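Trainee: I would like a close look at a single part of this chain, with its surroundings described where they bear on it.

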Amino acid sequence: MQTEEKQQGSWTVLAVTGKIDTLTAPELQNRLLALVGKGTPGLALDLGGVAYVSSAGIRAVMVGLKAQRAKSGELIFCGLNENLQTLFDITGLTGLVKNFPSVPTETATGNRRIGIACFAY
């Protein structure tokens, strides 16, 4: 798994590629918690380059989501492929997190408008 961070206005886009499994999930969780700890108000998790997510990966995302919400921040998904979309639907994640197919620009989320981009790296 590899991650790349990009600032887009007041939002941070974290692009993830590869597999999120038992070995790599702790790295993703630590990366998400570090971003939350920096006070990132908006976090876009671009999973367009992810081929596989294990239960440990789902847990890492949930831990990041819980921490972000505890700080009144927002986390969104971008670029979910069909397999991840199905997995996140089954686990209920898509009911908790707004999901954008690719590059949302000036998309309404909640009470504020955002202009973010989810890139395929």
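What handedness does the β-α-β unit made by β2, α1 and β3 have?

Mentor: The model is predicted. In it, β2, α1 and β3 form a right-handed β-α-β unit.

The strands are β2 (11-20) and β3 (42-53). They pair in the parallel sense, over nine bridges. Within this pairing, L14 is placed opposite L45 of β3. L45 also stands opposite F77 in β4, and β3 and β4 run parallel, joined by five bridges. A right-handed β-α-β unit is again found in β3, α2 and β4.

Between β2 and β3 of the unit comes α1 (25-37). This helix has 13 residues, and the distance from its first C-alpha to its last is 18 Å, close to the 18 Å expected at 1.5 Å a residue. The buried residues of α1 are A25, L28, Q29, L32, L35 and V36. Viewed down the axis of α1, the buried residues fall within an arc of 130°, so they line one face of the helix. The buried residues of α1 pack against β1 (2-8), β2, β3 and α2. Just after α1, G39 has a positive phi of about 85°.

α2 (55-70) is the helix of the other unit. Its 16 residues should span 22 Å at 1.5 Å a residue, and its end C-alpha atoms are 22 Å apart, which agrees. In α2 the buried residues are G57, I58, A60, V61, G64, L65, A67 and Q68. These buried residues pack against β2, α1 and β3, and also against β4, α3 and α4 (93-96). The loop between α2 and β4 holds S72. Phi of S72 is near 60°, a positive value in a residue other than glycine. S72 is exposed, with a relative accessible area of 70%.

The unit also contributes to the largest nonpolar core, which has 23 residues; L47 and F77 touch the most other members. At least two residues of this core come from each of β2, α1, β3, α2, β4 (74-78) and α3 (82-91). The largest contribution is that of β3, with five residues. Leaving aside residues up to four places away in sequence, L47 touches V16, I20, F77, C78, G79, L80, L84 and F88. Another core lies apart from this one and has six residues, among them W11, V13, A44 and C78.

For the setting, the chain contains four helices and seven strands, in the order β-β-α-β-α-β-α-α-β-β-β along the sequence. Of its 121 residues, 43% are buried. Among contacts with a separation of 6 or more, 65% are between residues 24 or more positions apart.

Conventions:
Residues numbered from 1 in each chain as written. Predicted model: local features only at pLDDT ≥ 70, side-chain atom pairs only at ≥ 80, totals over all residues. Heavy atoms only, no water. Core = buried A, V, L, I, M, F, W, Y, C linked by side-chain atoms within 4.5 Å. Buried < 20%, exposed > 50% of the residue type's maximum accessible area, 1.4 Å probe, protein only. Contact = heavy atoms within 4.5 Å. Expected span 1.5 Å × (residues − 1). Arc of directions from axis to C-beta. Pairing = 2+ DSSP bridges. Right-handed = clockwise from strand over helix to strand, strands pointing away.
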